[in-house]
Amino acid sequence: MTSGFDDLGHSRPDTDREARQGLPEVVFGPGKTVAEIAAVVASLLAANEGPVLVTRVGPDVAAAVLAQVGDGGTYVADGRLLVWRPAAPRGFVVAVVSAGTSDGPVAAEAAAVAAAVGLTVRRIADVGVAGLHRLLAVSDDIAAADAVVCVAGMEGALPSVVGGLVGAPVIAVPTSVGYGATMQGVTALLAMMSSCAAGMTVVNIDSGFSAAMAAFRIAVSRDRAPLRRKGTVDEPGDVERLVHLETNVDDVTGEVLGHLVERLLAAGAADAWVAPVVMKKSRPAHTVHVLAARAVAGECERIVFAETGTLGLRRTLVERVALPRSTSVVDVGGHPVRVKRGPWGLKPEHDDVAAAATALGLPLRAVAARALASAQPAADPDLPASAPEGASGGLTT
C-alpha cells in the first residue's frame with residue numbers, strides 16, 4: 001500500500017480520506033466489474049474503520065460483490081446501495097422530501113446513503129407544489145429537521161417553497177423526471193440554481209448521493225472539535241456540544257426508571273437523571289433527562305422509547321462547559337479506588353469506594369477519607385480538597 005492510497009492496478013482507493021473527511025472513499029458502481037468493486041471494497045475495509053459504500057448497483061451485481069467480499073455487507077435495494085459497517089446514529093436529523101412518487105428512486109438513494117453514514121432520516125414523499133396543502137400539512141415535521149434534502153423534477157419548484165418555510169439548510173436535488181421541455185432535469189436544475197430562497201445548496205441531476213453527503217458534511221462541521229471558550233476562571237473549560245433529551249412519564253415505576261438510567265449511562269450518555277414533576281390535572285409524574293453526544297443520542301432515544309413506552313421526546317442542542325480533569329488510582333486496603341482531580345479539588349469515585357467498603361467491612365465515609373488522603377500528596381497544595389461523599393469535615397481515620 002502506497003502512502004495515502006492503495007495501488008490495485010485498475011484502481012487507487014484513497015485510503016486517507018477517512019482521516020481527512022471523517023468517511024472513507026465511496027465507490028461509484030457503474031462502469032466497474034464485480035471483481036474491481038470487490039477489490040476496492042476490500043482495500044477500503046482494511047484501511048479504514050468507518051462505513052464503506054458502493055452506490056448505483058443493481059441486485060445481481062450487489063449479490064456477486066457480497067459473495068466475493070464476504071464480510072458482512074448488506075444491500076439496500078430501493079437505494080441501490082451496498083453498505084459495510086454502517087455508522088452509529090449521530091443525533092443529526094435529515095428530512096428527505098420528494099415532490100412526486102416518480103422522484104422516489106433519487107430520494108431513496110439520498111435516504112439510504114444518509115442513514116449509512118449515521119444521519120437519522122425522516123422520509124416525506126409526494127408533497128409537490130401542485131398540491132400545496134399536502135406540503136403545508138407536514139411543514140412542521142420538515143422544519144424540525146437539522147437539514148432538508150428536497151428532491152423534485154418537472155419545473156423544480158418544491159425546494160424554493162421549502163427554503164422559504166424552514167430555517168435549516170436546504171439541499172436541492174433536481175431529477176430527470178418530466179416531459180421533453182424538462183430536458184432530462186436541466187429545467188429543474190436551472191430553476192433551483194435561480195431560486196430566490198437564499199442560501200440553498202443545489203447538487204447534480206439525480207444525485208441523491210451528493211445531497212446526502214452535503215448533509216453529512218454539515219453534521220460533521222457541527223460536531224467538530226469542542227470550542228474553547230474564554231471564561232472568568234483561570235483555567236478555561238472545553239465547551240461540549242451535546243443533545244438534551246427529555247420526556248414526561250406518569251405510568252412507570254421507580255424500578256423501571258432506575259433501570260432506564262443505568263441503561264442510558266451504559267450506552268454512553270454523558271449524564272441521565274429523573275426529576276419529579278406535576279403534570280396537567282395535578283397528575284404526579286417524572287421527567288426523564290438525558291445528556292448525550294450526538295454520536296449516541298439516537299441509541300439513547302431508542303432506549304427511552306423502549307423502556308418507558310413514551311410517545312414523544314423533546315430534543316434540544318446544548319453546550320456544556322467541562323473544566324479540565326484527570327483520574328488517578330489509589331490503593332485502599334488492597335482495593336483500587338479511582339480519584340477524580342479537577343481545578344478545585346479531589347473526589348473519590350463512589351462505585352469504587354462502595355466496593356472497597358463492602359469488601360473491607362468499613363463505613364463508606366472511612367474508605368472515602370482514606371482514598372482522599374492517599375491521593376492528596378500528589379495534589380497541588382494550594383488547591384482545597386473537596387469533602388468526600390458522605391464524609392463530614394472533621395473525619396479522621
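## Arg17 and Asp14

At 25% relative accessibility, arginine 17 is partly exposed (between the cut-offs for buried, under 20% relative accessible area, and exposed, over 50%, with a 1.4 Å probe and protein chains only). Aspartate 14, at 12%, falls in the buried class. The two form a salt bridge, with their closest N and O atoms 3.1 Å apart; the term means a side-chain nitrogen of Lys or Arg within 4 Å of a carboxyl oxygen of Asp or Glu. Count pairs by that rule and you get 13 salt bridges.

## What the numbers rest on

This is a predicted model, where local features need pLDDT of at least 70 and side-chain atom pairs pLDDT 80 or more, while totals for chains, interfaces and linings use all residues. Residues are numbered from 1 along each chain as its sequence is written, and side-chain values use heavy atoms, leaving out hydrogens and water.

## A pair across two strands

Glutamate 246 and arginine 314 also make a salt bridge, again listed with closest N and O atoms 3.1 Å apart. Glutamate 246 sits in strand β11 (residues 238-249) and arginine 314 in strand β14 (residues 314-322), so this pair ties together parts 68 residues apart in sequence. Strands here are DSSP runs of E, at least two residues, and helices are runs of H or I, at least four, numbered from the N terminus. Arginine 314 is partly exposed, at 39%.

## A pair within a helix

In helix α11 (residues 294-308), arginine 302 and glutamate 299 are three residues apart, or about one helical turn. They form a salt bridge too, with closest N and O atoms 2.8 Å apart. Both ends are partly exposed: arginine 302 has a relative accessible area of 45%, and glutamate 299 comes in at 30%.
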